[in-house]
Amino acid sequence: MGDTGREDARPPGPAPHRDAGLQPERTRLAWRRSSLSATVVAVLAGRQLVRSGTPGPVEVLGTALLGLMWLMFVVIAHRRMRAMAAARPAGLPPRAALLLGGGTVALAVFGAAILLPGH
């Protein structure tokens, strides 16, 4: 059979340590900015609920959903920021990505529902 012309078919191994440079810091800052944005949205939604004279069940449910989404997002963001301190941080777990994506879609649907005419 013989030589196939490839010296080493294995991919190179992982680096022994990660550069603790700017990339991890940029990622931490991005999670912080996103957490701050989510906090502002949650506070504004709560303010709107309090200011509306008699909120309907859709508004109350939506604001409660937003509060839960905010809490979930802040917890996941905090975990990701802590994970960035590791030499080789693990990727975002699929469950967390699914929760964040599903929550974003749910909030978009809620936003569209409250903007429908007649509401």
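Here are a few worked exercises on the predicted model above.

Some ground rules before we start: residues are numbered from 1 along each chain as its sequence is written, and side-chain values use heavy atoms, with hydrogens and water left out. Because this is a predicted model, local features need pLDDT of at least 70 and side-chain atom pairs count only at pLDDT 80 or more, while totals for chains, interfaces and linings use all residues.

**Exercise 1. Work out which secondary structure elements the protein has and in what pattern they come.**

Step 1: Count the elements. There are three helices and zero strands, taken as DSSP runs numbered from the N terminus (helices are H or I, at least four residues; strands are E, at least two).

Step 2: Read along the sequence, and you get α-α-α.

Step 3: The accessible surface is about 9000 Å², and carbon and sulfur atoms hold 67% of that (Shrake-Rupley method, 1.4 Å probe; for residues, only the protein chains shown count as cover). Of the 119 residues, 18% are buried (buried is under 20% relative accessible area, exposed over 50%, partly exposed in between, with a 1.4 Å probe and protein chains only).

Step 4: Look at the contacts (heavy atoms within 4.5 Å). Taking those with a separation of 6 or more, 74% join residues 24 or more positions apart.

**Exercise 2. Describe how H1 and H2 are arranged and what sits between them.**

Step 1: Get the geometry. The axes of H1 (residues 22-51) and H2 (residues 57-83) come within 9 Å and cross at roughly 165 degrees. Axes here are lines fitted to C-alpha atoms, for helices over the stretch in contact, and angles run from 0 to 180 degrees between N-to-C directions.

Step 2: Name the arrangement. That angle makes H1 roughly antiparallel to H2 (under 35 degrees is roughly parallel, over 145 roughly antiparallel, 65 to 115 roughly perpendicular, the rest oblique).

Step 3: Find the handedness. H1 passes H2 in a left-handed crossing, meaning that the near helix is turned anticlockwise from the far one by less than a right angle; clockwise would be right-handed.

Step 4: List some partners. The H1 side includes Trp-31, Ala-38, Ala-45 and Leu-49, and the H2 side includes Val-60, Leu-66, Phe-73 and Met-81.

Step 5: Sort the contact residues. They divide into 13 nonpolar, five polar and four charged (Ala, Val, Leu, Ile, Met, Phe, Trp, Tyr, Cys and Pro are nonpolar; Asp, Glu, Lys and Arg are charged; the others, Gly among them, are polar).
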